[in-house]
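Hi everyone, thanks for coming along. I'd like to walk you through one model today, so let me put it up on the screen.

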Amino acid sequence: MQSLTAEIQSFSRSRLRKQCTRVTSLSGRRIIETWKGSTITVVEDPVPTERILGYVPDTSWDLQVGIVKPHLLLVPPQFTNTNTSLTSEQVSHILNVAFGVENVFPDLFIYKTVSILDHPDADVLLHLTDVCSFIQQAHSEKGVVLVHCNAGVSRAPAVVIGYLMSCDGQSFDAALSLVQSARPVSSPNPGFLEQLRGFQTLNGSKH
């Protein structure tokens, strides 16, 4: 023990190496903490654009209900976690297009799960037939369909826009406007928007 104490006391600060730690906060802000001896320097760590993937989590509480049509609602996932919220909107069917989000009340509501990644290369058009069939079936039964994804911002709005174009005959611009009016935070990723514009061209939608 004495030898260790003596070694520590005789250690020269000039022999200390420079150390650095990179920290990423929940908001996505990155900083670099560098220290040598008793001096600590903190600077912003810029993230190259090409390395940015996915999304920055939004920790704010979101319970906004977007009424696209009387039988079609667009909501964040938090809304689906309480039976009271769902029954207050007379929901009968739930379309889950999230990835890794379980259906909470399978005995109380009719669910349809279509797992879609929120990535520009994910093929959102691939699922439109199933989405349209589920929503139309619910509508024919006088039900109310609630659509949600992981945040209620990209995937759910994208499939609702696709439904409005494919089954309701709306143009891309009209469908996008309706969805964003119902739920202003709606913002499908660029890849989804490009696919939906292309879908309009492919189907010659002029409405």
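The model is predicted, so local features need pLDDT of at least 70 and side-chain atom pairs count only at pLDDT 80 or more, while totals for chains, interfaces and linings use all residues. Residues are numbered from 1 along each chain as its sequence is written, and side-chain values use heavy atoms, with hydrogens and water left out.

Back to Gln90. This residue sits in the loop between helix 2 (83–88) and strand 6; helices (H or I, at least four residues) and strands (E, at least two) are DSSP runs, numbered from the N terminus. Most residues other than glycine have a negative phi. Lys142 also has a positive phi, of about 60°, although it is not a glycine. You'll find Lys142 in the loop between helix 3 and strand 8, and at 78% relative accessibility Lys142 counts as exposed.

Five strands form an open sheet in the order 4-5-8-6-7, with mixed pairing; two strands pair if DSSP finds at least two bridges between them. At the edges are strand 4 (66–69) and strand 7 (110–113), each pairing on one side only. Direction ignored, neighbouring strands of this sheet are turned by 25° against each other on average.

Let's look at strand 8 and its partners. Strand 6 (residues 93–96) pairs with strand 8 (residues 145–148) in the parallel sense, over four bridges. Ile94 stands opposite Leu146 of strand 8, and Asn96 has His148 in strand 8 as its bridge partner. Strand 5 runs parallel to strand 8 too, joined by three bridges, and here Leu72 stands opposite Val145.

For a contrast, take Ile67 in strand 4. At 52% relative accessibility, Ile67 counts as exposed. Leaving aside neighbours within four places in sequence, Ile67 is in contact (heavy atoms within 4.5 Å) with Leu72, Leu73 and Ala182.

On to the interior. A nonpolar core here is a set of buried Ala, Val, Leu, Ile, Met, Phe, Trp, Tyr and Cys residues joined through side-chain atoms within 4.5 Å. The largest one has 36 residues, and Leu95, Val147 and Val160 touch the most other members. Elements giving two or more residues to this core are strand 5, helix 3 (128–140), strand 8, helix 4, helix 5 (172–182) and helix 6 (190–203). Helix 4 provides the largest share, eight residues. Apart from this core lies another, of eleven residues, among them Leu73, Phe79, Leu86 and Leu146.

Leaving aside neighbours within four places in sequence, its contacts are Leu72, Leu73, Leu74, Val75, Leu95, Ala156, Val159 and Val160.

Finally, helix 4. Helix 4 (residues 155–166) lies across strand 4, strand 5 (72–74) and strand 8, running at about 155° to strand 5. Axes are lines fitted to C-alpha atoms, for helices over the stretch in contact, and angles run from 0 to 180 degrees between N-to-C directions.

How do helix 4 and helix 5 cross? Their axes come within 9 Å and cross at roughly 135°. Helix 4 and helix 5 are therefore oblique to each other; angles under 35 degrees count as roughly parallel, over 145 as roughly antiparallel, 65 to 115 as roughly perpendicular and the rest as oblique. Pro157, Val160, Ile161, Leu164 and Met165 of helix 4 make this contact with Phe172, Ala175, Leu176, Leu178 and Val179 of helix 5.

The axes of helix 3 and helix 4 also come within 9 Å, crossing at roughly 75°, so these two are roughly perpendicular to each other. There, Leu128, Val131, Cys132, Ile135 and Gln136 in helix 3 meet Val159, Gly162, Tyr163 and Ser166 in helix 4.

Key. Buried means under 20% relative accessible area, exposed over 50%, partly exposed in between (1.4 Å probe, protein chains only).
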